[in-house]
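Hi everyone, thanks for making time for this.

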Protein chains: 2
Amino acid sequence: MVDWKNPPRLFIPGPVKVNEDILEQLARPTLGHRGKEYAQLQSETVEMLKEILFTKQHVFLSTSSASGIWEASIRNCVGPNEKVLCTCCGAFSDKWVNVAKSCGRKVDELKVDWGQAILPEMIDKKLSSGKYAAVTLVYNETSTGLTNPVYEISKMIKEKYPDILVFVDAVSAMVGLPLHFDELGWDVVFASVQKAFAIPPGLAVAAVSERALQKSKDVPNRGYYFDFQLWAKSNEKNQTLVTPNIPHIMALNYQCHKLMAEGMENAWARHKEMGEFVRSWVKEKFELFCEEKYASNTLTAIKNSRGISVAETINSVQEKHNTIFGNGYGKLKEKTFRIAHMGDITLDEVKELLGWIDEEIG
Amino acid sequence: MVDWKNPPRLFIPGPVKVNEDILEQLARPTLGHRGKEYAQLQSETVEMLKEILFTKQHVFLSTSSASGIWEASIRNCVGPNEKVLCTCCGAFSDKWVNVAKSCGRKVDELKVDWGQAILPEMIDKKLSSGKYAAVTLVYNETSTGLTNPVYEISKMIKEKYPDILVFVDAVSAMVGLPLHFDELGWDVVFASVQKAFAIPPGLAVAAVSERALQKSKDVPNRGYYFDFQLWAKSNEKNQTLVTPNIPHIMALNYQCHKLMAEGMENAWARHKEMGEFVRSWVKEKFELFCEEKYASNTLTAIKNSRGISVAETINSVQEKHNTIFGNGYGKLKEKTFRIAHMGDITLDEVKELLGWIDEEIG
C-alpha cells in the first residue's frame, strides 16, 4: 500500500536517503529573514560553502531546485542575440537546451550518444567554428552515471577560449566529486541539496564568478526572481533577494560543518571508495553502462546485461526491505538501472543493498 | 548575543511563529519525487487547497517564494507588447511594478499614498482610458496593514472588463481572509506559506484559471522554471516540473488537514477576532495607520502617535521575553509598527504581547 508517511529508504540518484540528524535540523524554530539571526546563519553558511567550492567569488543560496539556475545562468549571462553551445550527453544536459531556448536564446548543440563522454577536442572543434558567448557542461550526468572530464575541458577552454563563459551543472557532483571553482575558471556552477549534500529537496547552491556578475549588468529583461544583480546586492547584507527557504539553509549549515570537519579530499575519497566497490560488483554481475574511466563516483548506471526485470527487482527489494534503487532514466528504463552512492549513504549500506539485489537475481 | 539557534518568537508580519507540531512535519523522511508516495502527497494536498481556495481550476505548488509568482504571472500571461495596470498602495504592490518591468513589459501605475486603499472607481477610470491585458492587485498590503476591497473591485472588473486578466498577491491574506477564487473571477492568486499557513518559508501556493493557462500558450519566451504550460502538464501526473520542496509540502498537507477540519469560515472568523482585539487596543493606546474599514485582520500597522522609540521597545520586549514584533516597513520605520495576528498565533498570545508592550510604554 502506498503511504507517503512511511516511504522507502532512497538509493535512487536523488533525492537520496537523509539521516535523522539532518532531518532534525529542518525542524528548528524559524527566523525573521531580515533579522540578525538569519544574517548570521547565511553568513556562516556561505563562508563555509566558499571553502567547500574553493572559491573567493560569489556563492548564492537559491530557493529553487537547481533547474532554476539552468535558467538563471542563461537569462543573466547570455545576451538576446548571443549564442550558447550546449553539450549534451544525457537527459539532463539535453534539458538545458530547452531551457535556453525557452528564454529565447540561440543554441547550438554538441551531442554524443547517451553513455558517451563530452571530450575537450569535441568542444574545441565547435568553439573554433563559431561565435559563442557561453558553453554549458554537465559535470556528472545523472541519467547515465557518467562523469565528464571537466578538468581537462576547462583547461582547454581557459587556454584557447578565455572569453567564453562556462556554466556547469554539478547537480549530482557537488561535494561528491572534486570541484575547484576559481582554478577551473568556471562562471556559474550549481547543485540542488538533495544529492551529495544529503538534504531533502528545496534549495539550490550556486557559485558565480565576478565576470559573470559583470556581464549580467548589460543583459536586458533578466527578470526578478533569478537576477544575479539583485542577488549580489542582497548577499552583501547576508540576505537573499526573496524570503529564503530557512529550514533547508539550517540543514545545509549543519552539513557544511560536517564537511569542513571531514575535509573535502576525504569526502571525495569516501565517494570514490563507494564508486569503486559498486563497479567491482557490477563487473562481476552485469556490465557498466559507460566506459569505466568515465563512470561516476556518486552513482552507477548498470547495463542490464542479464535481461532481468528491473521493475520487478526494485519492487521485490522494496517489499522485503523498504528500500528502493533507480530504474534506468527515460529511454534507458529496463535497459539500465541506477544505484546512488553519495551523501550520507555509507559503504556498508551499499554492500547491504547489493546483497539484496544478489538475492533477487540468484 | 545573536544566536540563530535560539531565535525570538515571531510576531513580525512574516515569517510568523510556527508551532512545534508543524516543525515536526518538516522532519519526516523524504520521498522520491517521481514515485507513488510523492504523487499521493501532492494529490491530497492540491485537492485540499482547491477546497480551501474555493476553486475547481488549477492549483500549483511552487518551490519559490511568492515573489516568484509575481514574475510567473507576468511572464506567462502578458504578451511582450501588452500592457499591465499595476495598482500600488505600499512596498509590496510597488515591487510588482519593478518585476513586470524587469520582464520587459509595459506598465502603467495606479498609485495611492501608503495607507490608502485602492478603490473600484479608481481602477474603473484607469481601465476605461487605456488598453490593458491585465491588472495586478495586492489583497493585503503587508507594509501598511491594509486590506483592499478586492471583492468589490473584482465584481466591477467582471462586469465591465471581463476580458482583462486579474492577478492577485494574497501573500498575507490567503487562509486568513475570505478568498473564493472562481467566484471572484481571478486568474492568478498566490501566497507564501510563511504567513497565515504558519509554516516556515520555502514554498508558494498558486491558483491559476483555465483562461490564464490558455493565454500563456501564445506568450513567447516564458522561460522554464515558472512556465505554467509545463506546470500544468506535470500537475496532471501529480508531480511538479522540477524537484519540489518536499518537507514543506508535508507541512502544508498537515496544515490543510487542520484548516479543513476547522472550516474556512471559522478560520477567517478566528483572524477577525484577533484583528478586532488588536484594533481595540490600538484605539486606546495609539492610532490605526489606515482607515479602520480597511484595516487588516491578519496584521495591524499602528501609527506611532505617542512618539515612542519603536526599535527600543522591540529590543526591550525581545530581551525580556525572547519575542519580537515588527518595526514599520521602509519609509514607515519608527513612524509605525506592526503586529502579526495570523496563522497559529492565538488571541491569548496576542493579548500577552500587547501586555508586554503596555509595560514598556507605561
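Let's start with A:Asn304, which is buried because its relative accessible area is 11%, where buried means under 20% relative accessible area, exposed over 50% and partly exposed in between, with a 1.4 Å probe and protein chains only. This is a predicted model, in which local features need pLDDT of at least 70 and side-chain atom pairs count only at pLDDT 80 or more, while totals for chains, interfaces and linings use all residues.

A:Asn304 sits in the loop between strand S12 (299–303) and helix H12 (310–321) of chain A; helices (H or I, at least four residues) and strands (E, at least two) are DSSP runs, numbered from the N terminus. What does the side chain of A:Asn304 reach at 2.8 Å? That would be the backbone oxygen of A:Glu334. Leaving aside residues up to four places away in sequence, A:Asn304 touches A:Phe286, A:Val310, A:Glu334, A:Lys335 and A:Thr336, contact being heavy atoms within 4.5 Å.

For contrast, hop over to chain B. B:Lys333 is in the loop between strand S13 (323–327) and strand S14 (336–340) of chain B, and is exposed because its relative accessible area is 54%. With the same exclusion of residues up to four places away in sequence, B:Lys333 touches B:Asn327 and B:Gly328. Its C-alpha atom is separated by 11 Å from that of B:Ile302, 31 residues apart along the chain.

Now, charges. The whole structure has 42 salt bridges over all chains, each a side-chain nitrogen of Lys or Arg within 4 Å of a carboxyl oxygen of Asp or Glu. One of them pairs A:Asp94 with A:Lys111, with the closest N and O atoms 3.8 Å apart. Since A:Asp94 lies in helix H4 and A:Lys111 in strand S4 (residues 106–111) of chain A, this pair ties together parts that are 17 residues apart in sequence. A:Lys111 counts as exposed, at 52% relative accessibility.

Then there is the salt bridge between A:Arg222 and A:Asp227, at 2.8 Å from N to O, where both A:Arg222 and A:Asp227 are buried. In chain B, B:Asp227 and B:Arg222 also meet in a salt bridge, 2.8 Å from N to O, and both are buried. Elsewhere, A:Arg9, A:Lys17, A:Glu349 and A:Glu352 are joined into one network by salt bridges that share partners.

Last stop, the interface. Here 60 residues of chain A are in contact with 60 residues of chain B. The buried area is about 4800 Å², with carbon and sulfur atoms giving 64%; that is the accessible area (1.4 Å probe) that two parts lose on being put together, summed over both. How many salt bridges are there between chain A and chain B? The count is zero.

On the chain A side, helix H1 (20–26), helix H2 (36–52), helix H3 (67–77), helix H4 (91–102) and helix H10 (246–262) each supply at least two residues.

And confidence: the model scores ipTM 0.98 and pTM 0.98. Chain A averages a pLDDT of 97, with 100% of the residues scoring at least 70; pLDDT is the predictor's confidence in each residue, from 0 to 100. Thanks, everyone!

Conventions:
Residues numbered from 1 in each chain as written. Chains lettered and ligands numbered in written order. Heavy atoms only, no water. Polar contact = N/O pair within 3.5 Å; in protein donor to acceptor, adjacent residues only side chain to side chain.
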